Amino acid sequence: MKIIEFDKVVSTAEELCGRAACDLPPDVLKRIAECAEKETTPHGREFFRQYLENAAIAARERLPLCQDTGFAVWFVEYGTNIAFDKGDIYEALAEGTRRGYKRFYLRKSILKDPVFDRSNTFDNTPPVVHLRLVPGDKLKLVLAPKGGGSENMSGLKMLRPADGKEGVVKFIVDTVRNAGGNPCPPTVVGVGLGGTMEYCAYLAKKALLRPLGVRNADPRYAAFEEELLELLNSTGVGPQGLGGSVSCLDVHIEAHPCHLASLPVAVNLNCHAARHAEAVL
Amino acid sequence: MKKLVTPLTESAVRDLKAGDAVAISGVIYTGRDAAHKKLLAMLANGEKLPADLKDQIIYFVGPCPAPPGRPIGSAGPTTSYRMDPYSPELIAKTGLRGMIGKGNRSKEVVEAMKKYGVVYFAATGGAGALIAQRIRKCDLIAFPELGPEAVYRLEVEDFPAVVAIDSDGGSLYDRK
């Protein structure tokens with residue numbers, strides 16, 4: 001059994017809050033630079049220029065890329081051979097989130113209750129934690145802060161099996177088209193297919209963590225991702241929804257076996273500032 | 001690139017067309033849905049608003065806290081449709097002349113814009129660090145309990161935006 005120091009997990013989580021907010025990951029930066037070349041409208045090209053300048057300013061000045069520094073969503077791979085010296089992973093991530101959002105001057109966006117008490121917790125807690133047990137003695141923390149603008153435009157539908165691939169395509173295209181400029185396009189489109197209702201939504205979010213440019217390992221889904229990307233870019237939504245040839249930076253699908261009666265599809269949109277940061281202990 | 005200075009006049013706003021790139025300087029006010037709701041409640045109670053909004057611009061933003069030595073943290077636009085239930089009334093009752101946000105607006109908002117001569121600008125969503133460089137001063141003027149959703153008075157210089165919907169209803173969001 002490997003002992004993991006609680007304080008070390010807290011300080012690592014704290015650092016990740018700052019890195020995720022201010023440093024656009026290299027895969028996203030590279031894709032934005034590539035797409036800037038493909039954009040055909042003058043407005044669209046100006047937006048791409050601003051995205052790149054914004055990323056440079058954020059990294060240099062240690063300012064968040066976007067003022068919506070989001071819900072702190074943690075994806076944790078938790079080795080079965082580790083133990084905490086005190087406390088637990090949930091406490092450690094809450095404390096790391098609290099300290100990180102304060103220390104790096106990130107916006108506190110979390111309210112106490114959705115309906116009965118919409119007052120701010122003022123420390124951006126609680127975070128959302130997705131925990132997965134894995135063999136070994138490592139603890140991997142991935143932080144994917146999620147802004148409200150793109151999260152609000154996401155959706156899920158339990159299709160009929162008869163709707164098939166065509167129904168899946170329609171739901172995804174409609175979701176992106178109806179979202180228009182709201183989720184800060186060009187978006188990264190995370191798609192979950194199969195599983196149960198809640199697992200499908202989880203898959204869509206998990207799909208956003210895959211580096212841009214890396215295709216699904218299953219060649220059928222890799223081809224489906226390419227097909228969808230082309231289709232979504234032909235919608236004309238464009239950068240910021242003001243029209244253009246680049247509406248999406250990429251499409252990632254995560255599929256899972258499903259019930260014979262079901263065809264669940266979930267779409268989780270991410271803005272062009274597709275933030276994530278990770279560390280392994 | 002058209003240079004605009006606040007407060008705006010109706011004729012200057014009527015001259016703006018969807019697609020015009022602008023650089024805005026002067027004072028603008030921030031406000032999101034929670035603040036809009038409170039402002040309308042104040043008007044309904046006959047109270048004086050924390051700022052005179054006649055011919056002014058409201059920027060839909062909830063900024064990051066200011067790091068030491070800076071007036072403000074990252075400060076890009078938030079999605080405007082959340083303000084749609086409030087904007088027509090705010091325009092009618094205050095003489096508000098412009099709004100800055102991101103994403104399309106409702107039919108009711110566009111009708112009020114046409115009637116009263118109001119413009120809607122789109123700023124670059126997800127470019128909060130860049131936009132923060134154009135904000136010289138930031139003062140909290142109302143609703144501190146709302147945290148990032150409070151109302152701030154900003155002094156901006158060459159704030160970059162595009163006319164997304166003009167006062168004739170011309171819109172960059174209308175396609176096909």
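## Burial and basis of the model

Of the 281 residues of chain A, 55% count as buried. Buried stands for under 20% relative accessible area, exposed for over 50%, and partly exposed for what lies in between (1.4 Å probe, protein chains only). In chain B, 61% of the 176 residues count as buried.

This is a predicted model, in which local features need pLDDT of at least 70, side-chain atom pairs count only at pLDDT 80 or more, and totals for chains, interfaces and linings use all residues. Residues are numbered from 1 along each chain as its sequence is written, chains are lettered from A and ligands numbered from 1 in the order in which they are written, and side-chain values use heavy atoms, with hydrogens and water left out.

## Chain A as a whole

Chain A contains 8 helices and 10 strands. Helices (H or I, at least four residues) and strands (E, at least two) are DSSP runs, numbered from the N terminus. The C-alpha trace of chain A spans about 55 × 50 × 40 Å along its principal axes. Its radius of gyration is 19 Å, which agrees with the value near 19 Å for a compact globule of 281 residues. The radius is taken over C-alpha atoms, and the globule rule is 2.2 Å times the number of residues to the power 0.38.

Of the contacts in chain A with a separation of 6 or more, 81% are between residues 24 or more positions apart; a contact means heavy atoms within 4.5 Å. Chain A exposes about 12100 Å², and carbon and sulfur atoms supply 56% of that area. Accessible areas come from the Shrake-Rupley method with a 1.4 Å probe, and for residues only the protein chains shown count as cover.

Over all chains the count of disulfides is 0, a disulfide being a pair of cysteine sulfur atoms within 2.5 Å. Cys66(A) counts as buried at 9% relative accessibility, and Cys184(A) counts as buried at 6%.

Lys205(A) lies in helix 7 of chain A, which covers residues 197–207. With a relative accessible area of 14%, Lys205(A) is buried. Leaving aside neighbours within four places in sequence, Lys205(A) is in contact with Val73(A), Phe75(A), Lys146(A), Glu151(A) and Asn268(A).

## Chain B as a whole

Chain B has 5 helices and 7 strands, in the order β-α-β-α-β-α-β-α-β-α-β-β along the sequence. A compact globule of 176 residues would have a radius of gyration near 16 Å, and the 15 Å of chain B agrees. The C-alpha atoms of chain B fill a box of roughly 45 × 40 × 30 Å along the principal axes.

Among contacts in chain B between residues at least 6 apart in sequence, 64% join residues at least 24 apart. The accessible surface of chain B is about 6700 Å², with 52% belonging to carbon and sulfur atoms.

## A glycine in a loop of chain B

Gly147(B) sits in the loop between strand 6 (135–142) and strand 7 (151–165) of chain B. Gly147(B) is buried, with a relative accessible area of 12%. Not counting residues up to four places away in sequence, Gly147(B) touches Phe122(A) and Tyr152(B).
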